[in-house]
Each structure stands twice: as structure tokens, then as C-alpha cells.
Amino acid sequence: MSFDLNFIGILIGAIMASSVPLILAASGELITERSGVLNLGVEGMMIIGAISGFALMVITDNLFLAVIGSMLSGLIISIIFGVLTQSLLTNHVATGLALTIFGIGMSAMIGKNFVGIPGKEFPLLFINLKENVPFLGPILFGHSIILYFAFLLPFLTNYFLKKTKIGLIIRAVGDSPTSASNQGINVILVRYSCILYGGAMCGLAGAYLSLIYTPQWIENMTGGRGWIALALVVFATWSPIKVLIGALIFGGITILQLHMQAVGLRIPVQLLSALPYIMTIIVLVVISRDSRKIKLNTPTSLGQIFYKEK
Amino acid sequence: MIKIEKRNDVSPSIYFLTPILAIFLTLIGGGIIFYVLGFNPIEALKFFFITPISDLYGFSELLVKATPLCLIAIGLSFCFKSNNWNIGAEGQLIFGGIVGGGVALLFYGHDGFYVLPIIILSGAIGGMIFALIPAVLKTYFNTNEILVSLMLVYVAKLLLDYLVVGPWSNPEGFNFPETRQFSESARMPILFDGLRIHAGIFITLITVFLSWLILYKTYLGFQIKVSGLSLKTAKYAGYKGKTMIILVFMISGACAGLAGVGEITGPIGQLHRNISPDYGFTAIIVAFLGRLNPVGIIFASLVVALTYLGAETAQIFLQVPKYTGQVFQGMILFFLLGSDYLLFFKIKFLVLKKNEL
């Protein structure tokens, strides 16, 4: 293995690719949580997005439809969560868990007929530049459009939350639903919209996995990425830019771990595979140790049920 | 016209009737899914919920599956009642299985009445230790227990994989990812010849009884319930929050560990990669369906165990994947949580007279 500059460029490109599903899912969940809703169904919505994207790709042979369809199916399944938590006032944690269990089961049921079908090549942009520009080529070019979107998303999210009126409303709803409601804001409507947006982003994250990252359908192929995305939101203390940084760190661990396996170091494969999960715990401990910092940044009404007496 | 009113008090009958409503709605939802998949819904539901328990063997299988589910859910009820979200029971089950299995391999070839109790105890301690990780991190480092307990599930699975492929794999096993079959002295006694139901069911029943005692007859149980209802009240009353969090996690970890060791010394008889079909996750549903009540959990575990059996039967007769069971489990929880709305709100159907319009 040679450590020339180009190789490092390729490595960084791979790290970026593996962080895409985390960025997408975590950015979506961040908006949801900013409105005061804790949706633990990320893993379930991602896997539904993964199978719907793949199934639509096989059926329609159209990648655009597949991507849009995966977002729609993530959105549709998040409606269940919305109706339960917002209209029927159920516990967020339990409902999110149910969504994950249901999503994994449902995806396997739909996916039964799609196991073993090869994926389709997803168009990558600026392939020429990737090969011709040393070092920066593999980092900046030769990626799918979804990757570029994912890397733009945290900045857009940041701007949206801080500079736009709707962003301000979402934050107000998350921090103080009662006062927001008294100001005439429809808290339930805002929360519904944020839940649906989160669902669509998780669906897209799933589609990235089944259409681009490992273009095929494998049962349970999200492999806990939804949970890591949830941890990332805490890790980022609900700040979109830090989500990007966190996702790159976890992408880095994943790629590093794969390379260590490939090189054949005398470390058990399972220990390396466990690294992302162990790292998540360690990072969570480090971040959460300062309880004041967490309290300051957590949306005040996160996970609480809002009910307006009529 | 429909009018919704807030209830002032929750009637106990509705509290235990809504789970039945949830099961009924799940059957309807399941029927619709089967219909969409192109099956006759009535027939498919019959394969799912009646065929599996239409003979003695099936009934024994139901109890074999309900045994771990009930045990784990009982443990979880301690956590959930006190607002501690331990959702990593699957990891605690696997770790309990690993520790118990390790001891069983240590005693390979030994005879003696003491072997099995030692294995069972070590499994419980294993699960307990594994549950202590999220508990200690929550109490002393303010770390979210949901995420930590869940991440540990993946760690436990990978550890089990490492052990059965590597150091603990059967020396005469042609490199299959499994350990030796445990000695006879390390196996749960079978209750009836020809059936798989084993002595683990007594462990479950004893645990149910003990947890009922703790929850309803002791000061600790009272503290757990108060902390669940209002953390502020609990603090005001001077309860030691940290000790209680650690205690409920230890209880639920021990239960999950017992379930794990019950599986490997009972129906499985060795360690391999898949010692649990996600019992730890499904038990969360059992705990809620049983209303976190020991007796309720017994009934709930039987219902949910049936979804496992039903999925197996449906896989054979209808060629639907075994994950159908999970779809049903998710639906039960959806409908159960949704129907809780009836606990707090009355829905009145009003007939409007013409002059009111």
C-alpha cells in the first residue's frame, strides 16, 4: 500500500461517500428534533427508503423516479408517526421504536422479490476531472448528485434555521410550544411538517445506500446507520454544521476499519466492525458529560407531548 | 358530528381493554396486508394465528417462545415504569448468553447438579453487567441511555460472532461458526418427552411473581412508580435517583441475561451466531402490550409469541418472509399506542337535530 497523495485523495473521497447517508438522515432528524419531536424511527424510515428506491429502480428502470419515490415512501411512513404522536398524543420514544420495528419488517417483506438483483449504475458527475486532477480530483469530483446535495444540506439547514422566518418558527415551537401557540402559530402543523421532512430525508438516505453506495437490496442493509444518525444529532448539539463534521468522523472510522480489514492486520474483524458503535458511545459520553452544555442546546420541549385545550 | 372530550379519570377497565382492541385492529390491518399481497386474508390469518397452536407441539412451541419474551419484558417494565429507556435488552440477552455459554464450555464434560445453576447465575450476572454500562453512563456522565444501550446490541452481536468463529468454536466442528454442544448437565431439563418446553418457564414464572412482589409490595416499587409519574415529586420526596436508575437497569439486564442463558441451555444447547430472533426488541412490545403489569405481560407474551410462530407457519404455507411477524409486532404497538387516546379522551357521537344546523 503506497501512501501517495492520490491514494489519500481516494481515501477522503471514500470517507465522504460513506458519510452521506448519515448527513442526510441526521440533517432531517435535526429539523424534526428542533421542532420538539424525537423520532426514533430513523432506522425504519431509512430501510423503507432503501427498499422503495431499489424496487422502483428495478420496476421503472428510472433512477430519478426511484430517488423521488424513496423520499416519498420515507415521508409516507413518517405520517404514521405524525398521526400517532401529534394527533393521538402517543409517547415519542415508544412510537419511534414501533416505527423502526415495523419498517424493518415491512422492508424485508417488500424486498423478498428483490434479493440478488443487481443494481443499476448511478451517473457520477465530472468523471474526467476525477481521473485527471491529482489528489483533489477524487475528493471533489466523480460523485453522485446526491453526495453534492448532502454536503450542501447542513449549510442550507443552518441558514434555514437561523435566517428564515420558518426556521425561527420551528425553533420557537421546539423551545416553547405553549408561547408559540399563544402567538397564533399552529404547533401541530409545524411539527407535522418537520416530521414529514425528516421522513423524506431518511428515505433519501436509504436510497443512497441501495442505489449508489452498495447498489443492491440486502435485508437490514442500513445496519444501525439510523441509530448512529440519531446519536450524531446529540453529538452535534443540534447544530447542522457539526452534523457534517460528525458524519465525516464516522465515515472516516468506517472506511479506516474497512481498510484495516483489507490490509489484514492481526486484529479481529469483529472488533474493527464494532469500532463505529464503540466510538459512538465514547463520543456521546464525552459530549454529554457537560450537562449544562447539553441542556442549553437541547430543544426544550424535545419528546414532550403538546396538547392544546380547545 | 363527533365531539371529543377530555376524561377526568382513567377507568381501569378501558386501561386493560385497549390492548385487546389493539390486537383486534392488528388482525384487520394484517388481513389488509395479506389481501394486498394477493392472499385470501381469512385463510392467511388462520395460518398465522390458529394453525400454529392447533396441536400440543405447537402449544409447547408457543410457551418456548413466550418464556424469554415474558422474562425480558418483566425486566423492562421496571425500567419503563421509572422512565428509563433501556432498549438494548437484545444486547444484554446476548451478553448473558455469552457469559453463561462460556461457563457451560468451562464445565464441558462435568457432571453434577451444581453445573446448571452456576451457568444460569453467571448468565444473569452477565446481562446485569452489560446493562450497567448504559446505567452508569446515564447517571454519572449524563449520557443518553437509549443510544448507548442500542449501540451495545451491535457490540454484543459482534463479540458473539468473534467467539463462535474464533476461540470458542467447536474443535471438531469443521469450522462451522458454533461452539460444542453443551454437556447434558448444562442443559435445562425438558418437561415432557417429545416437546421442547423446558424448565426455563419456571424461572420466568418465579421472576413474574418476584417482580409483582417488588413492584406492588415494597417501598422500592413505590419509588419506581413515583419516579415514573413525576421526577420532580420523586426528587422532592428525597429518593436517591441514581441508585434507582442503576437498580432498575440491573434488574432488567439480569432478566435479559437469564432469557439468553435459558435459550442457550434450553432449546439451542450451544452458542452460535443467532441465539435470539430479536427477542430483546420484541419484548419492548410485550412490555407495553402488557401495560407494564406482571400479569398483563404474561398474556402479552403469549400473543406476541404467536406472531413468531405464525410467521414461521406462514413462511412455510404462504411463502411470505418470516419478517411478516415483525410487521405484525410493529402494528400491535402502533395500534396500542394509538388506542391509548381513548384512555384520556371520550369520543362522543352526537346526532344533531335539524334546528341546530
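Begin by selecting chain A of this predicted model and reading along its sequence: the pattern is α-α-α-α-α-α-α-α-α-α-α-α-α-α. The secondary structure of chain A comes to 14 helices and 0 strands; helices (H or I, at least four residues) and strands (E, at least two) are DSSP runs, numbered from the N terminus. Residues are numbered from 1 along each chain as its sequence is written, while chains are lettered from A and ligands numbered from 1 in the order in which they are written. In this predicted model, local features need pLDDT of at least 70 and side-chain atom pairs count only at pLDDT 80 or more, whereas totals for chains, interfaces and linings use all residues.

Display the C-alpha trace of chain A next. Along its principal axes the trace spans about 65 × 45 × 40 Å. Buried residues make up 50% of the 310 residues in chain A (buried: 20 or more other C-beta atoms within 10 Å of the residue's own, with C-beta atoms placed from the backbone).

Now select helix 2 (residues 42–60) of chain A and helix 3 (63–87) of chain A. Their axes come within 8 Å and cross at roughly 145 degrees; axes are lines fitted to C-alpha atoms, for helices over the stretch in contact, and angles run from 0 to 180 degrees between N-to-C directions. Two residues are in contact if their C-beta atoms, placed from the backbone, lie within 7 Å. The residues of this helix contact divide into 9 nonpolar, 9 polar and no charged (Ala, Val, Leu, Ile, Met, Phe, Trp, Tyr, Cys and Pro count as nonpolar, Asp, Glu, Lys and Arg as charged, and the others, Gly among them, as polar).

Finally, show both chains. The contact takes 39 residues from chain A and 37 residues from chain B. On the chain A side, the elements giving two or more residues are helices 3, 4, 11, 13 and 14. Helix 4 of chain A supplies the largest share, 12 residues. The chain A side divides into 27 nonpolar, 10 polar and 2 charged residues.

For confidence, the model scores ipTM 0.89 and pTM 0.90.

Key
A residue is buried if 20 or more other C-beta atoms lie within 10 Å of its own, exposed if 12 or fewer, and partly exposed in between; C-beta atoms are placed from the backbone.
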